[in-house]
Amino acid sequence: MDLYSDTQTKPTAAMRRAIADAEVGDEQQGTDPTVSRLCARVAEMLGHEAGLFLPTGTMCNLVAVAAHTSPGDAIVTSLDSHIVRSETGGAAAYSGVITDLLAGDRGRFGPEATAEALAPGHVYRPWPRLVCLEQTHNFGGGTVWPLAQYRAVADVAHRHDVPVHTDGARLFNATVASGTDPSDWGEPVESIWVDFTKGLGAPIGAVLVGGRDFIEAVRTHKHRCGGAMRQAGIAAAGCLYALDHHVERLADDHANAARLAEGLAALGLDTEDTETNMVWIDVSSTGLSAADFLERLEARDVRMSRVEERVRAVTHLDVSAGGVEIAITAVAAVLADLR
């Protein structure tokens with residue numbers, strides 16, 4: 001039972017058939033009809049003019065930051081954002097920007113902190129040129145930004161003439177959990193992307209959207225990073241299938257995560273509030289390190305992941321309600337061995 005991440009999903013048989021049957025062209029030249037259809041659909045869903053297909057979400061962040069900024073600028077984001085913690089310093093290495101890191105409630109900061117961070121630059125201080133949000137927030141625990149707070153932060157940025165970019169890797173988890181529309185999160189910001197390789201179950205691909213001029217600027221960076229592709233319709237077809245069949249079912253993942261958290265709490269483990277498909281677990285009460293706990297659990301064929309001394313379990317397309325019960329039983333056995 002693999003709860004390591006929702007990146008561990010495998011394409012379903014029906015998705016594989018859609019991939020095999022995809023109409024294709026040359027993505028770099030803009031002549032792949034399946035890619036074009038996907039980009040237009042995602043742009044419309046998120047309330048923007050245009051979209052661009054990229055191989056990974058990390059590349060979406062990399063090229064978006066580059067298009068919004070110049071070397072020496074600052075970007076404002078949460079101290080545990082994916083851009084900061086999981087992209088190997090890409091924004092600094094590629095765009096030459098520094099990060100102004102804000103604390104908050106599990107990855108969600110407020111308009112007051114945003115306003116303070118957006119004070120004008122000067123000879124001693126770089127100019128803040130971009131605010132970066134993340135929905136849902138991974139290291140915050142799969143947390144969902146409240147829509148009013150999200151809009152308030154964007155409004156503050158715009159009053160300072162600063163654009164906003166959203167890492168929407170798990171945006172559809174947020175829409176399903178909060179009962180909102182994707183455009184509610186897309187329209188307040190200048191750029192946003194969605195990843196299809198997490199809970200949506202596609203093997204490759206993300207779509208970054210924004211204004212047409214922005215997308216053309218991003219296209220240059222995409223090419224420079226080696227992101228231009230040929231018959232990418234075979235990947236885009238999986239993404240289109242996911243939009244048609246795998247969005248509403250994310251509610252099942254959220255229910256499974258809630259059940260997992262409930263079961264682990266009943267065993268005496270501390271878990272953070274579970275808002276979507278992630279369960280973050282404190283195993284210190286067992287006397288084991290996170291690494292030791294995971295090693296014992298994997299010996300029972302259940303896999304989770306470690307972030308420092310926290311354990312993370314992520315439900316997804318390939319984790320059933322029965323699989324959750326298997327995981328709870330395996331954890332119970334590990335704890336019983338300790339006793």
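**Aromatic pairs, helix packing and backbone geometry**

Thr114 is buried, with a relative accessibility of 0%, where buried denotes under 20% relative accessible area, exposed over 50% and partly exposed the range in between, for a 1.4 Å probe and protein chains only. The structure is a predicted model, in which local features require pLDDT of at least 70, side-chain atom pairs count only at pLDDT 80 or more, and totals for chains, interfaces and linings use all residues. Residues are numbered from 1 along each chain as its sequence is written, and side-chain values use heavy atoms, with hydrogens and water left out.

Thr114 belongs to helix 6; helices (H or I, at least four residues) and strands (E, at least two) are DSSP runs numbered from the N terminus. With neighbours within four places in sequence set aside, the contacts of Thr114 are Leu102, Phe109, Val131, Val153 and Val156, contact being defined as heavy atoms within 4.5 Å.

Aromatic pairing was assigned for the rings of Phe, Tyr and Trp (its six-membered ring) with centres within 6.5 Å; planes under 30 degrees apart are stacked, those over 60 edge-to-face and the rest tilted. By this rule the count is 4 aromatic pairs. Phe109 and Trp145 form an edge-to-face pair, with 5.4 Å from centre to centre and 90° between the planes. This pair links distant parts of the chain: Phe109 is in the loop between strand 3 (98-102) and helix 6 (111-117), Trp145 is in the loop between strand 4 (128-134) and helix 7 (147-159), and the two are 36 residues apart. Phe109 is buried at a relative accessible area of 2%, and Trp145 is buried at 1% relative accessibility.

The pair of Phe139 and Trp280 is edge-to-face because the ring centres lie 6.3 Å apart and the planes stand at 65°. Phe139 is in the loop between strand 4 and helix 7, whereas Trp280 is in strand 9 (residues 278-282), so this pair ties together parts 141 residues apart in sequence. Relative accessibility is 9% for Phe139, which counts as buried, and 1% for Trp280, which also counts as buried.

Arg85 lies over the face of Phe139, 4.4 Å from the ring centre. The charged end of Arg303 is placed over the ring of Tyr4, at 4.0 Å from its centre.

Helix 2 (residues 33-46) packs with helix 11 (residues 233-245) at an angle of about 40°, the axes being 8 Å apart; axes are lines fitted to C-alpha atoms, for helices over the stretch in contact, and angles run from 0 to 180 degrees between N-to-C directions. The crossing of helix 2 and helix 11 is left-handed, a term applied where the near helix is turned anticlockwise from the far one by less than a right angle. On the helix 2 side, Thr34, Val35, Arg37, Leu38, Arg41, Val42 and Met45 meet Gly233, Ala236, Ala237, Cys239, Leu240, Leu243 and Asp244 of helix 11. The residues of this contact comprise 9 nonpolar, 2 polar and 3 charged, with Ala, Val, Leu, Ile, Met, Phe, Trp, Tyr, Cys and Pro taken as nonpolar, Asp, Glu, Lys and Arg as charged, and the others, Gly among them, as polar.

Tyr241 is likewise located in helix 11 and is buried at 17% relative accessibility. Beyond its neighbours within four places in sequence, Tyr241 is in contact with Thr12, Ala14, Met15, Ala18 and His246.

In helix 8 (residues 171-178), the buried residues include Leu171, Phe172, Asn173, Ala174 and Thr175. The buried residues of helix 8 pack against helix 2, strand 5 (164-168), helix 9 (182-186), strand 6 (191-195), helix 11 and helix 12 (250-266).

Most residues other than glycine have a negative phi, and most peptide bonds are trans. Gln135 and Thr136 are joined by a cis peptide bond with omega of about -10°, and Thr136 is in the loop between strand 4 and helix 7. Asp301 has a positive phi near 65°; this residue lies in the loop between helix 13 (290-298) and strand 10 (305-307) and is exposed at 61% relative accessibility. Glu308 has a positive phi of about 55°, lies in the loop between strand 10 and strand 11 (310-314) and is exposed at 56% relative accessibility.

Notes
Lys NZ or Arg CZ within 6 Å of the ring centre and 35° of its normal.
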